[in-house]
Amino acid sequence: MAEHDLEVSPTGDGSFTLRRTDLDEPYHSARGALQESRHVFIDAGLSRLFAERNDSTPVVLLEMGLGTGLNALLTFDFLKRHPGSLQLHYHALETRPLDWPVIDRLNYCRNDLAEYSEKFKRLHDAPWGIPVDLDERFKLWKWNASWNDPIELPPADLVYYDAFGPRVQPELWDESAMRRLAERLRPDGSMVTYCAQGAFKRALKAVGLQVIALPGPPGKREMIRAVKDI
């Protein structure tokens, strides 16, 4: 992506995000990039999944919108803080990859994330479409593909749905896109996202997913978890 279309912006919790100037759209909440990602994707998604997992089958996680890589970084941190043998297979879709010099300006690997600076750069440098072991429990696949591309992926236990919002990318939040979500989830699999718009919730229900409204991160009243029935 052209660097002139991107602007580094501070957020309310002291972390940074990027704003797409061509779309007038930020990658994360202005209230706090780190706290939003932790609240929506780690606490409401990954933490719950690991608490309920009772077998040794690798967890398959699919992220819609790798973006800055913050969600992947926090997922790696979660895994390192929860010792065990359970492995995670992380698939991430991204159509407009960011260059490392832009990512590096965000300075995510500091304070309690400082130990992951080498892993974080390796994540961004990883080739597309080829599995990469970030460590013995975290296997990464990056796909240069959009949500609606006919790419074959394993059924997901959890989806981080982190596309730009409906104002900017309405085709990623409609009933057709949610039908693709239902197809990509395994039975009892779930999706978490920051978006809680009424039309989006109706699209989820229309394809047979159970919609659960949860308290949102600071600045948002709600977020959504959607679950596929067994």
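## Close-up views of a predicted model

**View 1. P58 in its loop.** P58 is found in the loop between α1 (33–52) and β4 (59–64); helices (H or I, at least four residues) and strands (E, at least two) are DSSP runs, numbered from the N terminus. This is a predicted model, in which local features need pLDDT of at least 70, side-chain atom pairs count only at pLDDT 80 or more, and totals for chains, interfaces and linings use all residues. Residues are numbered from 1 along each chain as its sequence is written, and side-chain values use heavy atoms, with hydrogens and water left out. With a relative accessible area of 25%, P58 is partly exposed; buried means under 20%, exposed over 50% and partly exposed in between (1.4 Å probe, protein chains only). From P58 to D22 the C-alpha distance is 39 Å, for a sequence separation of 36 residues.

**View 2. F76 against F138.** The structure holds 13 aromatic pairs. Rings of Phe, Tyr and Trp (its six-membered ring) pair if their centres lie within 6.5 Å; planes under 30 degrees apart count as stacked, over 60 as edge-to-face and the rest as tilted. The ring centres of F76 and F138 are 5.5 Å apart and their planes meet at 65°, so this pair is edge-to-face. F76 belongs to helix α2 (residues 70–81) and F138 to strand β7 (residues 138–143), so the pair ties together parts that are 62 residues apart in sequence. Both F76 and F138 are buried.

**View 3. Helix α2 along its length.** At 1.5 Å a residue, the 12 residues of α2 should span 16 Å, and the end C-alpha atoms are 17 Å apart, which agrees; the expected span is 1.5 Å times one less than the number of residues.

**View 4. W100 and its partner ring.** W100 sits in helix α3, and at 19% relative accessibility it counts as buried. W100 and F120 form an edge-to-face pair, with 5.9 Å from centre to centre and 70° between the planes. This pair links distant parts of the chain, with W100 in helix α3 (residues 100–104) and F120 in helix α4 (residues 117–125), 20 residues apart. F120 is buried, as is W100. The C-alpha atoms of W100 and H124 are separated by 6.8 Å, although these residues are 24 apart along the chain.

View 5. Most residues other than glycine have a negative phi. N107 has a positive phi of about 55°, and N111 has a positive phi of about 50°. N107 is found in the loop between α3 and α4, and N111 has its place in the loop between α3 and α4 too. Are they buried or exposed? N107 counts as partly exposed at 39% relative accessibility, whereas N111 is exposed at 63%.

**View 6. Charges over tryptophan rings.** A charge sits over a ring if NZ of Lys or CZ of Arg is within 6 Å of the ring centre and within 35 degrees of the ring normal. K142 lies over the face of W128, 4.6 Å from the ring centre. The charged end of R184 sits over the ring of W147, at 4.7 Å from its centre.

**View 7. Strand β9 and its partners.** Two strands pair if DSSP finds at least two bridges between them. Strand β8 (residues 156–161) and strand β9 (residues 185–193) are joined by 4 bridges in the parallel sense, and A156 has L185 in β9 as its bridge partner. With helix α5 (residues 175–184), β8 and β9 make a right-handed β-α-β unit; right-handed means that, with the strands pointing away from the viewer, the path from the first strand over the helix to the second runs clockwise. β9 also pairs with strand β11 (residues 222–227), here in the antiparallel sense over 4 bridges, and T193 has I224 in β11 as its bridge partner.

**View 8. The sheet β1-β2-β3.** These 3 strands form an open sheet in the order β1-β2-β3, with antiparallel pairing. β1 (6–10) and β3 (25–26) stand at the edges with a single partner strand each, so one side of each is left without a neighbour in the sheet. Between β1 and strand β2 (residues 16–20) there are 5 bridges, and P10 has F16 in β2 as its bridge partner.
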